[in-house]
Amino acid sequence: MELASRIRTALARSTASARVRDMLHRLAAEVISAAVFASLDASRPLRARAHLGKALAFAGLSRDGEAVYHVWNHMFLASSQQENHAEAIAGADVMKRSSIARRDPLYLSLGHLRHANGPARVGRRSEALRALGDAERAFARSEEKRRSEWIGFYDTGEFEALSAFVWAALGEFGRAEYRLHRTLVLLPEGMARNRALYTAHLAWVQARQNEPELACATSRQARLPVSSACGSRRTARTLDATRSVLLASGTKSPRVIEWIEESGAWT
C-alpha cells in the first residue's frame with residue numbers, strides 16, 4: 001500500500017499528460033487490487049472491502065474498462081466470502097455487461113461463471129445452469145492472444161475448478177469431483193497454493209459423497225502447503241469444512257477418527 005500512497009502523491013503534484021495520468025490511475029488500482037486479493041486469500045473480506053472502494057475509484061479514473069472489471073471481480077469474491085449472494089450476483093452482472101466482456105469472450109465467460117455461483121448457492125438451479133452454459137460457450141469462443149497478466153489465471157484448469165464450485169453448490173458432488181480431478185490434471189507444475197486449495201475442495205466433495213476414508217487420504221495431500229509459508233487460509237477453511245462433515249457423519253472408521261484427531265491441530 002506504500003506504493004499506492006506514492007502514486008497518489010505523484011498524481012496530486014503532477015502536471016503530466018492525461019494519458020500518463022490514466023496510466024498512473026490504473027497502476028494505483030492494480031496495486032490496491034493486489035492488497036485486496038491478499039486479504040481475500042487470507043479469508044479477510046472486511047479488510048478487502050476497506051481497499052475495494054479506493055481500487056474502484058482509481059480504476060474509474062483510469063478510464064480503463066479492464067481495470068474496472070478487475071476490481072469488480074474482487075468485489076464478487078469479497079461478497080461471496082461474506083455470503084452476500086445478492087451483491088455477488090449483481091457484481092457478476094456488472095462484469096458480464098462490461099465493455100471488455102463485450103469485446104473478449106474470455107472476460108464474458110468469467111463474468112457468466114461468477115454469475116452462476118450466486119444462484120447456485122441460493123437454490124436457483126435453472127439460473128445457475130443457464131449461466132454455467134453461457135460461460136462454457138463463451139470460453140469455447142475465446143482465442144489465445146496477449147492479455148493482461150492478471151487474467152492469465154483463467155485457463156482451462158481454472159474453468160473446470162470454478163465450474164466444480166457451481167456443481168458443488170447445486171449438490172451435484174459427483175460432477176464437482178469429476179471437474180476437480182480434471183483441474184488437478186491440468187494445473188501447471190509449481191502452483192502449490194492452487195493445487196492445495198483444489199485438493200482440499202476435492203476432499204470436501206468426497207466427504208459429502210459419504211466417502212470418508214477417501215476424503216481423509218485426499219485431505220492429507222493438501223496438508224503440507226497449509227502448514228508451510230505458501231499455505232492459504234482458504235485452503236485451511238476448506239479442510240476444516242471437510243473435518244466438520246466427517247465429524248457429523250458419525251463414522252467409526254479408525255482411519256477417519258485418526259484423521260479427525262490429527263487435523264484438529266492444524267485446520
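This is a predicted model: local features need pLDDT of at least 70, side-chain atom pairs count only at pLDDT 80 or more; totals for chains, interfaces and linings use all residues.
## Order of secondary structure

Residues are numbered from 1 along each chain as its sequence is written, and side-chain values use heavy atoms, with hydrogens and water left out.

## Overall dimensions and surface

The C-alpha trace of the protein chain spans about 70 × 40 × 35 Å along its principal axes.

The protein chain exposes about 13300 Å², of which carbon and sulfur atoms supply 52%; accessible areas come from the Shrake-Rupley method with a 1.4 Å probe, and for residues only the protein chains shown count as cover. Buried residues make up 48% of the 267 residues, buried meaning under 20% relative accessible area, exposed over 50%, and partly exposed in between (1.4 Å probe, protein chains only).

## Nonpolar cores

In soluble globular proteins, nonpolar side chains tend to be buried together. A nonpolar core is here a set of buried Ala, Val, Leu, Ile, Met, Phe, Trp, Tyr and Cys residues joined through side-chain atoms within 4.5 Å. The largest has 36 residues, and Leu110, Leu113 and Tyr154 have the most contacts inside it. At least two residues of this core come from each of α6 (99-103), α7 (105-121), α8 (125-141), α9 (156-169), α10 (173-186) and α11. A second, separate core of 14 residues includes Val36, Phe58, Ala59 and Ala67.

Leaving aside residues up to four places away in sequence, Tyr154 touches Leu106, Ser109, Leu110, Leu113, Phe139, Phe159 and Leu162; contact means heavy atoms within 4.5 Å. Among contacts between residues at least 6 apart in sequence, 62% join residues at least 24 apart.

## Loop residues with positive phi

Ser43, in the loop between α2 (18-41) and α3 (45-62), has phi near 55°, a positive value in a residue other than glycine. Ser43 counts as buried, because its relative accessibility is 9%.

Asn210 lies in the loop between α11 (192-208) and α12 (212-226), with a positive phi near 60°. Asn210 is exposed, at a relative accessible area of 61%.

How values were computed
Helices (H or I, at least four residues) and strands (E, at least two) are DSSP runs, numbered from the N terminus.
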